[in-house]
Amino acid sequence: MTSCTPVKTTCPYCGVGCGVEATRLPDGAIRIAGDTNHPANQGRLCVKGSALGDTLDLDKRLLQPQVRVDGVLRRASWDAALDQVAGGLRAIINEHGPDAVALYVSGQLLTEDYYVANKFMKGYVGSANIDTNSRLCMSSAVAGHKRAFGEDIVPGCYEDLELADMVVLVGSNTAWCHPILFQRITRIKEIRPQMKLVVIDPRRTATCELADLHLPVKPGTDVWLFNGLLCYLAKEGVIADDFVTRHSSGLDEALAAAHVDCGDPLQVAAICKVDPQALLAFYQAFAATRKVVTAFSQGVNQSSSGTDKVNSIINCHLATGRIGQPGMGPFSLTGQPNAMGGREVGGLANMLAAHLDLEKPLHREAVQTFWDSPRIADKPGLKAVDLFHAIEAGKVKAVWIIATNPLVSMPDADQVRRALDKCELVVVSDISAGSDTNAHADVLLPALGWGEKDGTVTNSERRISRQRAFLPAPGEARADWDVLCDVARRMGYAGFDFTSPQAIFDEHARLSAFRNGGDTKRLFNLGHLAGLDAARYDALAPQQWPHGQARLFGDGRFAHADGRARFVPTAPRAPRNVPDEGYPLILNTGRVRDQWHTMTRTGKAAKLSGHIAEAFIDIHPQDALLYSVREGELARITSAWGAMVARVVHGGGIARGQVFVPIHWSDANASDARVGAVVNPVVDPVSGEPEFKHTPVRIEQF
Ligand code: SF4
């Protein structure tokens, strides 16, 4: 590119997927602006996106491969490093079988990187041991979608949030975590003040400032609340009988399960610990408003009953026929920039590429035939938490971690440290030189970062956008897809002669259309994007799949074999670990407005640290008195799994019996506030998503 020519790309942070224009100025600085033509943000950027230009320096970047020699990481050539990776993987596979190796990847990867990683593991190594940090983020939504719709589909689009007469935000601090969507909701609220906003969240967050109604539910009680709503809708005669009869099955079973504990709103209010009048007001408003969008995020997904929470929400939309039409539907707000793209290429341990199913022989046969691969994984691999336990147990002996920092982000994160210390071969591909996880690598591989790499991402509304490079590759850094291909070739695998992201995208698009996987109902299909040459791929405009469809299921046809949606009975159950005398408080974790994940990028922008400069423990003032900790002083939080230290604050939004700690800080940014070490490793039995929102803890002076 020439200087001062804006390059259109996509923000690397949250799942809103805002379009960005990056302009390289004559003095070398990068000017960042919102892309006015991108449908997700229409020119807006939040504070994180606006500060992207401040995060592009090479300070703390990993710029050369390193290999551990005599216990010390030393600079190495790419050849030496990749020979060690390929040779190490090959030796372990030969001796212990394909399931003894694993990849742990990331929703930060571009779709093309993800595609190659998945093909490498499932088609050539022959194991489905590839999981991703998206497991920690939206796997409950994936599982809920598949159960209800037959495929992992978000039915609506962002415009629905503007067309709705009522928006329900569940377990989502949208104002901080999906800021541009919240700005879109705010603008509509200004134009149409009668549009109702309901927030369901244990904390009173910034999102509640705009809400007409906030239901501060007891953590973990969402299924009771939505089962209660389903019962109320049935009692009030608001069921869309024609839609339900023609396009769904299982309502009676779902209602029967809901009625066991949730038929009486007063009882539901008592269980959820919310004001009965407020609960009833929500039920009445939902029943009376046709155009309702229920958007949910990590407060729903990150739970030992996350999949049931998702289905209890979807059940209410199916029962009222409010799905796939303008201004209505359940809506999963994805956390990461490319969690959706990863799902499309099968980047989870229980999925195949192109939304095909690992457990279906026809699907496996279609993918193997298309790849012409020597083998195909035929059983689900290990999900994230199980994977690191298998590493510690010595069952998995090599792991290649790409673009993620599990020593900070995983639950029971000290267990991850033990696992990596025991692992025979730990390979880490990263842009950052000093992450907590890097310190445990045997081989460190420098990756390209945002602004340097090239490919596609898919946002929460199924919109594929290009991330384009506008900076040269620094040092010896290489694209993740390129390094994966190089290792695959060194291991003797054919099928990895890609020379560009465009060639990978083309194969991905062709696979999505190949025999339709033998499944005529499947909706994921990029066949119309197959065969793009380099120029057309480079010019690819943001677009939704399938082929420009903003909404799906509006015609009542779903992706199950019989074309019907499924109501899923969701018997409510409490979180596995509940407070007791030793650990009397419930720890909730989440993001702050101006930081992203483990801060390896946002931590570079001084203006982002101006919002909240350090980790904190938010606690109710009366609980602080009760446990003898003081605002502004350090305190230690301890669970049965680990401990962390941070400063006590009274944010004003936390209920008695709960504490909140942000997820971003760790040893690498000079704090003892690595909250992942404290979080219990309990997972949802269907999705495998960990329970980040509910860990019993105690607090004491430090
Ligand atoms: Fe980036 Fe999300 Fe902010 Fe948009 S809302 S600029 S995608 S962080």
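In helix 20, the residues Asp480, Trp481, Asp482, Val483, Leu484, Cys485, Val487 and Ala488 are buried, where buried denotes 20 or more other C-beta atoms within 10 Å of a residue's own, exposed 12 or fewer, and partly exposed the range in between, with C-beta atoms placed from the backbone. The structure is a predicted model, in which local features need pLDDT of at least 70 and side-chain atom pairs count only at pLDDT 80 or more, while totals for chains, interfaces and linings use all residues. Residues are numbered from 1 along each chain as its sequence is written. Helices (H or I, at least four residues) and strands (E, at least two) are DSSP runs numbered from the N terminus.

Helix 20 spans residues 480-490, and eight of its eleven residues are buried, so this helix is largely enclosed by the rest of the structure. The cover over its buried residues includes helix 2 (78-96), helix 3 (111-125), strand 14 (398-402), strand 15 (425-430), strand 16 (443-446) and helix 21 (501-513), contact being defined by C-beta atoms, placed from the backbone, that lie within 7 Å. Gly492, which follows helix 20, has a positive phi near 85 degrees.

In helix 4 (residues 139-149), eleven of the eleven residues are buried, so this helix too is largely enclosed by the rest of the structure. The buried set includes the charged residues Lys146 and Arg147. Packing against the buried residues of helix 4 are helix 13 (298-301), helix 14 (306-319), strand 13 (329-332), helix 15 (339-344) and strand 20 (565-566).

Strand 18 is joined to strand 17 (residues 455-458) by four bridges in an antiparallel arrangement, two strands being paired if DSSP finds at least two bridges between them. Within this pair, Thr458 has Ile464 as its bridge partner. Four residues separate the two strands in a hairpin, and Arg462 in the turn has a positive phi of about 65 degrees. Strand 18 also pairs with strand 19 (residues 543-544), in the antiparallel sense and over two bridges; here Arg463 stands opposite Gln544.

Strand 21 (residues 585-590) and strand 26 (residues 695-701) run antiparallel and are joined by three bridges, and Leu587 has Thr695 in strand 26 as its bridge partner.

The largest nonpolar core comprises 222 residues, and those with the most contacts inside it are Ala117, Val167, Leu230, Val399, Ile617, Ile637 and Val659. Helix 8 (residues 222-235) contributes the largest share of this core, nine residues. Such a core is a set of buried Ala, Val, Leu, Ile, Met, Phe, Trp, Tyr and Cys residues joined through C-beta atoms within 7 Å. Leaving aside residues up to four places away in sequence, Val659 touches Leu585, Leu587, Ile617, Asp618, Ile619, Ile637, Ile654, Val697 and Ile699.

Terms used
Two residues are in contact if their C-beta atoms, placed from the backbone, lie within 7 Å.
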